Amino acid sequence: MTADTDQAAPAGEPEGRAGTVGVATEVREPAPAGGEPPRRWLGDRIGSVEVLAALLILLIIFRDPLAAALDDPRLQTWTTVFVSIMVQAVPFLVFGVLLSAVIAVFVPRSFWAKALPRHPALAVPAASAAGVVLPGCECGSVPIAGSLIRRGVTPAAALAFLLAAPAVNPIVLTATAVAFPNNPEMVLARGVASLVVAMVMGWLWLRLGRTDWIRMPRRPELDDASRGRAFWAAVRHDVTHAGGFLVLGAMAAASINVLVPERWLQTLADNAWLSILALALLAVLLSLCSEADAFVAASLSQFSLTSRLVFLVVGPMVDLKLIAMQAGVFGRRFALRFAPTTFAAALLVATGVGAVLL
Amino acid sequence: MNRQAQAVVLLLLGGAVIRASVTDLYLRYVKEGLRPFLIAAGLLLVAAAIMTLWYELRPAAPRALAPTGGGSTGAPGDPPAHHEVDGHDGHGHGHHEPRVGWLLILPVLGLLLVAPPALGSYAASQAGTALSAPQQSDYPPLPEGDPVSVSVLDYAARALFDRGASIGDRRVQLTGFIADGPEGQPILARMVLSCCAADGRPVKLGLTGEVPTGLPNDSWVEVIGRYTDRLGRDPVNDAEIPYLEVESWRQIPTPKRQYD
């Protein structure tokens, strides 16, 4: 496939497909909810608020039994670790979402298309570099990449952006520097390795990718009556969405923290190759937010720096919540091909960069 | 989960974070330096919740005109060109409201109802003592005072890597909690955080002399004692544990800052 067809196709095809899907869903779904703002309390979705209220009342009533149930030291430690991961991640999550909403709402839609070079092979590094200045965690970059493709940006560039933005933005690199005060080279290694993986994947898509793998479901956005409304809607949606996945990640991390005996990790850590593979898999399973994962990596101090670099490079690019989100935004056929390839690329590149820089 | 429910959850989350950071609750989970960011993030969450509710509950009037408004959307009055209209900000709003948002109730619950304690003796028994190779080879002399107050981490590092040279014959005063040692005897421990409790690791000190007895695990004590060259081993990670020769001790209430 030449670069040209790749560039030309996405403008028409995925949108056409998305269109047919979209029209169908639009007729069925938003119609009842269509007159949106006075979301009727007797509509089909009234449930949430009442369910929430009932749930909270029940929780308050059963507060004491609940606390008693958490008395087991293991459960208590799990709760402490879970809560602390959430508390620590909330500022990162909120500021990331805020910035991404500012960019999404107040930066003109045509900006990215104009800013990127016309030739796709050049657009890939440009998009990766754009990812560097765009703060936000991976949860935010998946939908942004989706809308870039909708707006006619070549998928290769959008995917490079998707991979680069969460891994090498200023917040993430600062967090990495804070987490590794004694190893500033870690910041450089993380930036370089992540950029290389993003570009490799972009170019690989130019060579091998097929646009019909990408099927974008229709996403009725806010037809913004005002920018303020769109902005706060973006904030609300992203905090709930990304925050929900963050809770999943925190639960997984707390479970690993409590259940996996340290001696286990110790045995894995002793073997150079096994430790790299183990931390790459751990990164996928833990699904940590890229803005927080450096701190977890720092605490895995029994592992070599290279294997922890692999953890930091793989994590923001491939993990359980990302695979789920990519399947949602781009379609399952895409996610099934993209995620394993990215995993392999990230593993190889990060190991190589680690060998050179660390 | 509809938008009002999302707004309520955001309000609760923001409120819980603010409450935890204006009280000392947050110190159980994260470092002190995060406090201003926690407060700011909490306020933003509350603002997002209020704005969402405001837009949701406002009279519907402007909504009907929406698709024609906004220069940044597609051509006005051109509904079929939905690919122009959608993807306005690429965040997938609309009828696909994230169900995963329900999970955000869990941290709210954790902070408001449960408020789990800081990591203590159980976590300390699960992890190996966290002293790693020293950052510096020279330890500065201890500050003035008799007994001189030092942290468990500082004492352990000086005792282990400096073989007590910089402590000499001084009396030191340490604060920590009681945990089970390798052979069941009480040891003094303190958790060290680099970021949040997820990376909390214990520093352990063996005790000889007037060993505190009859105290349950997780009791906080202030011990006064001197350096001893006795060393033990932590079975978890096979690292050396320095000892302290205790002269006197007293039980104290749980301190505000439980982590070193």
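This section describes how helix α11 of chain A packs against two other helices, α7 and α18, in a predicted model.

Two packed helices are described by the angle between their axes and the distance between the axes. For helix α11(A) (residues 185-208) and helix α18(A) (residues 332-357), the axes come within 9 Å and cross at roughly 145°. This crossing is right-handed. On the α11(A) side, the residues in contact include A:Leu188, A:Val192, A:Val196, A:Val200 and A:Leu204, and on the α18(A) side they include A:Ala345, A:Val349, A:Val353 and A:Leu357. By class, the contact of α11(A) with α18(A) consists of 15 nonpolar, three polar and one charged residues.

Helix α7(A) (residues 120-133) also packs on α11(A): their axes come within 9 Å and cross at roughly 150°. Angles over 145 degrees count as roughly antiparallel, so α7(A) is roughly antiparallel to α11(A). The crossing of these two helices is right-handed. In α7(A), A:Pro120, A:Ala121, A:Val124, A:Pro125, A:Ala127, A:Ser128 and A:Gly131 meet A:Leu195, A:Ala198, A:Met199, A:Gly202, A:Trp203 and A:Leu206 of α11(A). Ten nonpolar and three polar residues make up this contact, with no charged residues.

Helix α7(A) itself has 14 residues and spans 20 Å from its first C-alpha to its last, close to the 20 Å expected at 1.5 Å a residue. Its buried residues are A:Pro120, A:Ala123, A:Val124, A:Ala127, A:Ser128, A:Ala130, A:Gly131 and A:Val132. Among these, A:Pro120, A:Val124, A:Ala127, A:Ser128 and A:Gly131 also take part in the contact with α11(A).

Technical notes
Residues are numbered from 1 along each chain as its sequence is written. Chains are lettered from A and ligands numbered from 1 in the order in which they are written. This is a predicted model: local features need pLDDT of at least 70, side-chain atom pairs count only at pLDDT 80 or more; totals for chains, interfaces and linings use all residues. Axes are lines fitted to C-alpha atoms, for helices over the stretch in contact, and angles run from 0 to 180 degrees between N-to-C directions. Helices (H or I, at least four residues) and strands (E, at least two) are DSSP runs, numbered from the N terminus. A crossing is left-handed if the near helix is turned anticlockwise from the far one by less than a right angle, and right-handed if clockwise. Two residues are in contact if their C-beta atoms, placed from the backbone, lie within 7 Å. Ala, Val, Leu, Ile, Met, Phe, Trp, Tyr, Cys and Pro count as nonpolar, Asp, Glu, Lys and Arg as charged, and the others, Gly among them, as polar. Angles under 35 degrees count as roughly parallel, over 145 as roughly antiparallel, 65 to 115 as roughly perpendicular and the rest as oblique. The expected span of a helix is 1.5 Å times one less than its number of residues. A residue is buried if 20 or more other C-beta atoms lie within 10 Å of its own, exposed if 12 or fewer, and partly exposed in between; C-beta atoms are placed from the backbone.
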